[in-house]
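Here is a short briefing on ring contacts and a sheet. Look through the structure first, then read the points below.

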Amino acid sequence: MLASLTLSVQPASPFLLLSLNRLSRFHFSPSISAAASDLLRVTSRRLASATKTRSITTMATVTEEEECMGNVKAQLAKLFEASLRVTIPNEPDVEPLVAACGGKFGDYQCNNAMGLWSKIKGKGTQFRGPPAVGEAIKNNLPSSEMIESCSVAGPGFVNVVLSKNWMAKSIQKMLIEGIDTWAPMPPVKTAVVDFSSPNVAKEMHVGHLRSTIIGDTLARMLEFSKVEVLRRNHVGDWGTQFGMLIEFLFEKFPNFEDITEAAIGDLQAFYKASKQRFDADPAFKQRAQQAVVRLQGGEDKYRRAWAKICEISRTEFHKVYQRLAVHLEEKGESFYNPYIPGVIDALTKQGLVEESQGARVIFIEGINIPLIVVKSDGGFNYASTDMTALWYRLNEEKAEWIIYVTDVGQQQHFDMVFKAAKRAGWLPQGDSSYPKASHVSFGLVLGEDGKRFRTRNTEVVRLVDLLDEAKSRSKAVLIERGKGEEWTEEEIESTAEAVGYGAVKYADLKNNRLTNYTFNFDQMLNDKGNTAVYLLYAHARICSIIRKSGTDIEELKNKGTVVLGHKDERDLGLHLLQFAEVVEEAFTNLLPNVLCDYLYNLSEIFSKFYSNPECKVIGSDVETSRLLLCEATAVVMRKCFNLLGITPIYKI
């Protein structure tokens, strides 16, 4: 049934497999059959009934052992879950509260005692307060090789000290079997990450930087966690503005199909010139408005002109994505257009769409403005497309988690879209069940004057120029340090790109995405402090240590043994073992800065270990073990870099 709907409404033209600007307003109302509308409604109902069981069935294929592999907190949670069932058999729904504590009492802590006491006191319980509950939880823990000792502190906190032998074995197992064995196992099979979304006929600017970088990192973390990620670029490829662009193209280039990117020149200037003409010339404005009708009516010449503009824009976008090593699939409003009438019709039959001041709207409880899905002139808009895209992603692409990465200014819009979807039964009412939709908002990129980052002539900064400047500065530093004589030109170029582009990415990602941050080349390219340059150099130094040892590290992985005899060795080992739970926390809360914090702390802990004379690596009695710790640190750092979209360097 769904397949027949897709065939009946999906655009025949390959041009319609492009995508669109979230803020555009457009008119396009192809007819759709009543049967298709009914199918949309039935599918929505089916989806609503499935939401309560989707997460359970998804997890059914994952064994408990697989789910916890590499995740220390999850493994401990399983042990405490077993203890809680014995300790309080009449409270079966209590989830274990386990967290890394890093204090003098232990490595991890279970914090259930106080909450449990508030539930069971006065019910004839044998316990006489939270400390007694904590003691019982500790005593009922199953035996496990991962636990060295437990103690109870304060109001029932159960502190756990991990076994050094188990920690060492776990690190060595990762070195042999690979870092992928430490990947989290979220209860999701398919996710959509909607990010970047530049506008056709406009340059990508620094405002697109955050969406592109944050979205790519979230996608990478989910992909590492074995989730199929559909990376969607909702580019601005449709709307009323295309009338003026097409007419201007016809005027400037009568043989428009033969033009190249070089002929048009600066896309931003082309857009501005067409807009000025549109505002100043009534005759041109009328032709532009007629061009919109012809484009949306499917007239061949106008479709070809539209496709040419999209093609040239795509070439510009590719320059940015190539530098950032970001992969996206375009699928935007021009793709979803044919589905809009059916979705609106299905929502109307459900009683969600109402007439208001000539427009058709969905009222959202608690919000004083409605979600307009059909404008008073009969045209569709931003909300029409986003509701339809959400329907498509849930029903056609079978996504269980849809993530939208846009600036904080669109927060209310997406809140309204998600609430409308819940009213329609597409999404469950709670936010803890699947399928679910999340809006990842972010703050502004500021200049050193504290205002929105712009050039001196008040223009927004072109992203290509900004990235090229970062690479140029990185290359200049390498030349200053004499690498021009030591390295090949290819080595200098690749290192300058890795450091320059990595510095731009990390300077963004290390901040909580909800805050604004100041763009400063000198700070982000500093080789000291919490910067990509410092971290890349730290990784290169670890690689140098291993090279200088003259040993075959691959052979050591299989023949050597990790020993965590010194406190600094154990501290390093513990931090390495927390990698999986940090990645899980970062993508669960949609906060890449959590991973950045972990990476920076890892480099600091390694530095403390390596600089301690008692932890000498090369030439010590435990050289093999310490070299393996160096390698484990490098492996985890490389995976962190990979998840952040940063290319590691191996020598400095």
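A residue counts as buried when its relative accessible area is under 20%. By that cut-off, phenylalanine 250 and tyrosine 302 are both buried. Keep in mind that this is a predicted model. The structure holds 20 aromatic pairs. A pair of aromatic rings is described by two things: the distance of the centres and the angle of the planes.

- Phenylalanine 250 and tyrosine 302 form an edge-to-face aromatic pair.
- Their ring centres are 5.4 Å apart, with 70° between the planes.
- Phenylalanine 250 belongs to helix 9 (residues 241–252), and tyrosine 302 to helix 13 (residues 300–324), so the pair ties together parts that are 52 residues apart in sequence.
- Phenylalanine 250 also has a charged neighbour: lysine 301 lies over the face of its ring, at 4.4 Å from the ring centre.

- Phenylalanine 414 and phenylalanine 418 form a tilted aromatic pair.
- Here the centres are 6.0 Å apart, and the planes make 40°.
- Both residues lie in helix 17 (residues 411–423). They are four residues apart, about one turn of the helix.
- Is phenylalanine 414 buried or exposed? Its relative accessible area is 0%, so phenylalanine 414 is buried.
- Phenylalanine 418 has 10% relative accessibility, so this residue counts as buried too.

**An aromatic cluster**

- Phe335, Tyr336, Tyr339 and Tyr392 form one aromatic cluster.
- Phenylalanine 335 has a lysine over its face: lysine 331, at 4.7 Å from the ring centre.

- Four strands make an open sheet, in the order 1-2-4-3. Their pairing is antiparallel.
- Which strands are at the edges? Strand 1 (98–103) and strand 3 (147–153) are the edge strands, and each pairs on one side only.
- From one strand to the next, the twist averages 30°.
- Strand 3 and strand 4 (residues 157–162) run antiparallel and are joined by six bridges.
- Cysteine 150 stands opposite valine 160, which is in strand 4.
- Helix 6 (residues 130–139) packs on the sheet, where it touches strand 3 and strand 4.
- The direction of helix 6 makes about 170° with that of strand 3.

Methods: Residues are numbered from 1 along each chain as its sequence is written. This is a predicted model: local features need pLDDT of at least 70, side-chain atom pairs count only at pLDDT 80 or more; totals for chains, interfaces and linings use all residues. Side-chain values use heavy atoms; hydrogens and water are left out. Rings of Phe, Tyr and Trp (its six-membered ring) pair if their centres lie within 6.5 Å; planes under 30 degrees apart count as stacked, over 60 as edge-to-face and the rest as tilted. Helices (H or I, at least four residues) and strands (E, at least two) are DSSP runs, numbered from the N terminus. Buried means under 20% relative accessible area, exposed over 50%, partly exposed in between (1.4 Å probe, protein chains only). A charge sits over a ring if NZ of Lys or CZ of Arg is within 6 Å of the ring centre and within 35 degrees of the ring normal. Two strands pair if DSSP finds at least two bridges between them. Axes are lines fitted to C-alpha atoms, for helices over the stretch in contact, and angles run from 0 to 180 degrees between N-to-C directions. Contact means heavy atoms within 4.5 Å.
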